[in-house]
Amino acid sequence: MLTEEWADRRIDEPTASEIGKLANVVQQRSALRENSRDGRGAKTTFIDAVRAFYSQAVSDKLIGSAENPAARVKRPRRHNSLRRALSHQQLSDINEVAATTGNDPHLDALLIRLHTETACRRGGALALRPVDLNDTDSTIRLREKGGTSREQPVSPTLLAALIEHTELRNPNGDSGDRLLRTRNGTPMQASRYAALWLRLGQHLPWISAAGITAHWLRYTTLTWVERNFGYAVAAAFAGHAGGYQTGTTLTYVSATIEEIATAVAALTGEPHPLAARP
């Protein structure tokens with residue numbers, strides 16, 4: 001947006017009020033989308049991007065900190081999230097459509113299952129590698145935002161499906177290669193998520209109406225885990241345990257990997273080797 005509107009201006013020329021007006025334009029354009037919540041999220045993202053741009057300019061001494069106009073632009077207040085846990089029927093419908101439509105139902109069904117069973121973030125799924133699969137303990141290593149890494153128990157059948165996927169899609173590859181791959185063997189890109197949920201929304205209109213994405217699967221699984229196994233297990237399942245998002249209490253009551261495995265066994269209906277350990 002900056003390059004479209006101000007490509008011929010010096011970075012020290014725009015004022016805070018001009019940036020604010022441009023942010024309003026971004027909001028208005030975004031608000032025209034069917035699933036937009038008045039475009040406030042797009043406006044916030046734009047302001048954050050402009051702030052990052054000018055912060056780098058200050059760091060590089062292209063402008064002084066007092067000359068940074070983005071620092072004086074206020075971010076809009078955040079909406080309360082509309083995300084919630086999906087119903088059993090909704091989740092069943094999503095799985096059915098993912099597995100029976102599109103140009104690669106095998107990959108899409110595996111992707112939905114991975115997110116549902118592990119509550120992983122998109123980055124964790126995209127970063128998954130064959131070397132991250134632990135057949136002995138039936139776990140996978142998830143590497144997600146903030147440089148975090150954790151062992152996540154999974155059902156034996158999901159682990160087998162991931163191994164089979166690797167053998168089919170990248171049989172001669174390195175164990176450090178990205179695991180999820182398209183039919184021609186190339187690593188899956190983040191853009192597949194948008195295409196997947198667009199297609200799901202075409203078959204299930206309530207998906208596009210609510211703006212449902214893969215992150216709703218995370219909400220669904222973590223809500224179920226919290227209701228059935230408590231807050232500490234849900235926090236660990238989410239990869240939050242020990243972090244700022246969960247508070248000091250979890251320093252003392254953090255869940256063990258065996259407790260997470262027990263939740264996975266209950267979630268999937270499959271025995272898990274770690275859940276059986278004393």
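Contact means heavy atoms within 4.5 Å. Among contacts between residues at least 6 apart in sequence, 59% join residues at least 24 apart in this protein chain. This is a predicted model, in which local features need pLDDT of at least 70 and side-chain atom pairs count only at pLDDT 80 or more, while totals for chains, interfaces and linings use all residues. Residues are numbered from 1 along each chain as its sequence is written, and side-chain values use heavy atoms, with hydrogens and water left out.

**View 1. The largest nonpolar core has 35 residues.** A nonpolar core is a set of buried (under 20% relative accessible area, 1.4 Å probe, protein chains only) Ala, Val, Leu, Ile, Met, Phe, Trp, Tyr and Cys residues joined through side-chain atoms within 4.5 Å. Ile140, Leu180 and Trp197 have the most contacts inside this core. Elements giving two or more residues to the core include strand 2 (139-143) and helix 8 (191-203); helices (H or I, at least four residues) and strands (E, at least two) are DSSP runs, numbered from the N terminus. Helix 5 gives the most, with 5 residues.

**View 2. Surroundings of Trp197.** Beyond its neighbours within four places in sequence, Trp197 is in contact with Ile94, Ile112, Ile207, Ile212, Thr213, Ala214 and Leu217.

**View 3. Ala119 in the loop between helix 5 and helix 6.** Phi of Ala119 is positive, near 60 degrees. Ala119 is buried, with a relative accessible area of 0%.

**View 4. Ser138 in the loop between strand 1 (133-134) and strand 2.** Ser138 is not a glycine, yet its phi is positive at about 55 degrees. Most residues other than glycine have a negative phi. Ser138 is buried, with a relative accessible area of 3%.

Definitions and conventions. Buried < 20%, exposed > 50% of the residue type's maximum accessible area, 1.4 Å probe, protein only.
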